[in-house]
Amino acid sequence: MSTIHKILMITSLSLLLPSIVSAQSVSDVKNMSPEDRRVYMESMSEDERAAMREKWRAEFENLSDEEKQALREQHAENRGGRDRTADREAMRARWESMSEEERAAAKERHQAKNAERRQKWESMSEEERAAAREMHGERKGHHGQDHHKEGSGSQREEQPES
């Protein structure tokens, strides 16, 4: 009888886990150390990560313009502003610490993401592509808007935005 209780308890906990994970807010995850955040995100399934990103995106969209700008500035400071050398060094150190199997798996994941993005882009209509370009530009902030206003024609026709 106790085996059945244990099975029921484990099953119920496994069913509750996605709702517990989704209860994490941006601030909860933000308060974690970078290593804890990485481990936390890697422990989630791809669907759980996608759901979490959607939740965070919705939370971000509900912020005022001033709060959004403050958050963007804080993220830029955390990344070292426009100097990306620290990020690159950390990525390089992480890559060098990986085994050959981990590197192969990382390359495969990267290629799969690129293929999925490319397939999605190719399946879009011209209107959807234009909307995606516009949304990508909004996400990038004000960087390069003067360049685009001049009508330089530098917008790519058939390449997915990433």
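Buried means under 20% relative accessible area, exposed over 50%, and partly exposed in between (1.4 Å probe, protein chains only). Keep that handy for the tour.

You're looking at a predicted model, where local features need pLDDT of at least 70, side-chain atom pairs count only at pLDDT 80 or more, and totals for chains, interfaces and linings use all residues. Residues are numbered from 1 along each chain as its sequence is written, and side-chain values use heavy atoms, leaving out hydrogens and water.

**First stop: α4.** Select residues 46–61, a helix of 16 residues (helices are DSSP runs of H or I, at least four residues, numbered from the N terminus). Now pick out Arg-49, Met-52 and Trp-56, which are buried. They sit on the same side of α4 because they cover an arc of only 60 degrees around the axis, going by the directions from the helix axis to the C-beta atoms.

**Next: α6 and α7.** Select residues 85–97 for α6 and 100–122 for α7; these helices pack at about 125 degrees, axes 8 Å apart. The axes are lines fitted to C-alpha atoms over the stretch in contact, and angles run from 0 to 180 degrees between N-to-C directions.

Zoom in on the contact (heavy atoms within 4.5 Å): Trp-95, Glu-96 and Ser-97 in α6 meet Glu-102, Arg-103, Ala-106 and Lys-107 in α7.

**Last stop: along α7.** This helix has 23 residues and reaches 33 Å from its first C-alpha to its last. Highlight Arg-103, Ala-106 and Trp-121, which are buried.

Definitions and conventions
Helix = DSSP H or I, 4+ residues; strand = E, 2+ residues; numbered from the N terminus. Expected span 1.5 Å × (residues − 1).
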